[in-house]
Amino acid sequence: MIKHIVLFKISDEEKLQKAYDMLMDLPSKIDFIRDWEVAKAYTIGGKDYELCLISSFDSKEDLEKYDGHPAHVEVRNYVRAVREAGVSCNYEY
């Protein structure tokens, strides 16, 4: 299994909500996502990241398919346009 974790800094509440909604919709469009958790932080606009994605895939190949999937590309392009910072980590378990 592959774990994919991403943190986003998006201080604008409207943009944060749109990113959250878009991320929440991805499992309905990508059937090989195994686990999917999206959460907003308690505070917005501080030093911390405001949005967290924790997801799992069966294999590295599935993570690569996810990365190029049109639904994910649409979300990624939006988030990259509105985020102030982001960090990610992938690992096998």
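**Entry 1: Asp 67 and its partner**

I looked up Asp 67 to start. Its relative accessibility is 40%, so Asp 67 counts as partly exposed. The model I am reading is a predicted one. Next I checked what the side chain of Asp 67 meets. It forms a salt bridge with the side chain of Arg 76, at 2.7 Å from N to O. I noted the general idea beside it: side chains of opposite charge can pair when their charged atoms come close.

**Entry 2: More salt bridges**

How many salt bridges does the structure hold? I found six. One of them joins the side chains of Glu 50 and Lys 9, with 3.0 Å from N to O. I then asked where the two partners sit. Glu 50 lies in the loop between S2 and S3, while Lys 9 belongs to strand S1. They are 41 residues apart, and the pair links distant parts of the chain.

Are Glu 50 and Lys 9 buried or exposed? Both are buried. For Lys 9 I wrote down the value. Its relative accessibility is 13%, and buried means under 20%, so Lys 9 counts as buried. I also listed this pair as a polar contact between the side chains of Lys 9 and Glu 50, at 3.0 Å.

I moved on to Asp 58 and Arg 34. Their side chains meet in a salt bridge of 2.8 Å, N to O. This pair also links distant parts of the chain, 24 residues apart. Asp 58 is in the loop between S3 and helix H2 (60-68), and Arg 34 is in strand S2. I checked accessibility for each partner. Asp 58 has 38%, so it counts as partly exposed. Arg 34 has 40%, so it counts as partly exposed too.

**Entry 3: Helix H1**

I turned to helix H1, which covers residues 13-25. H1 has 13 residues, and at 1.5 Å a residue they should span 18 Å.

Which residues of H1 are buried? I listed Leu 16, Ala 19, Tyr 20, Met 22 and Leu 23. Looking down the axis of H1, I see these buried residues within an arc of 165 degrees, so they line one face of the helix.

What do the buried residues of H1 pack against? I noted strand S1 (2-9), strand S2 (33-40), strand S3 (51-57) and helix H3 (70-82). On the other side of H1, I found Glu 13 and Glu 14 exposed. I also looked at the start of H1. There a side-chain oxygen of Asp 12 comes to within 3.1 Å of the backbone nitrogen of Glu 14.

**Entry 4: The whole chain**

Last, I stepped back to the chain. I counted three helices and four strands. Along the sequence they follow the pattern β-α-β-β-α-α-β.

I checked the overall size next. A compact globule of 93 residues would have a radius of gyration near 12 Å. This chain has 13 Å, which agrees. Along the principal axes, the C-alpha atoms fill a box of roughly 35 × 25 × 15 Å.

Buried residues make up 39% of the 93 in the chain. Of the contacts with a separation of 6 or more, 73% come from residues 24 or more positions apart.

Definitions and conventions:
Residues numbered from 1 in each chain as written. Predicted model: local features only at pLDDT ≥ 70, side-chain atom pairs only at ≥ 80, totals over all residues. Heavy atoms only, no water. Helix = DSSP H or I, 4+ residues; strand = E, 2+ residues; numbered from the N terminus. Expected span 1.5 Å × (residues − 1). Buried < 20%, exposed > 50% of the residue type's maximum accessible area, 1.4 Å probe, protein only. Arc of directions from axis to C-beta. Contact = heavy atoms within 4.5 Å. Polar contact = N/O pair within 3.5 Å; in protein donor to acceptor, adjacent residues only side chain to side chain. Salt bridge = Lys/Arg side-chain N within 4 Å of Asp/Glu carboxyl O. Rg over C-alpha atoms; globule rule 2.2 N^0.38 Å.
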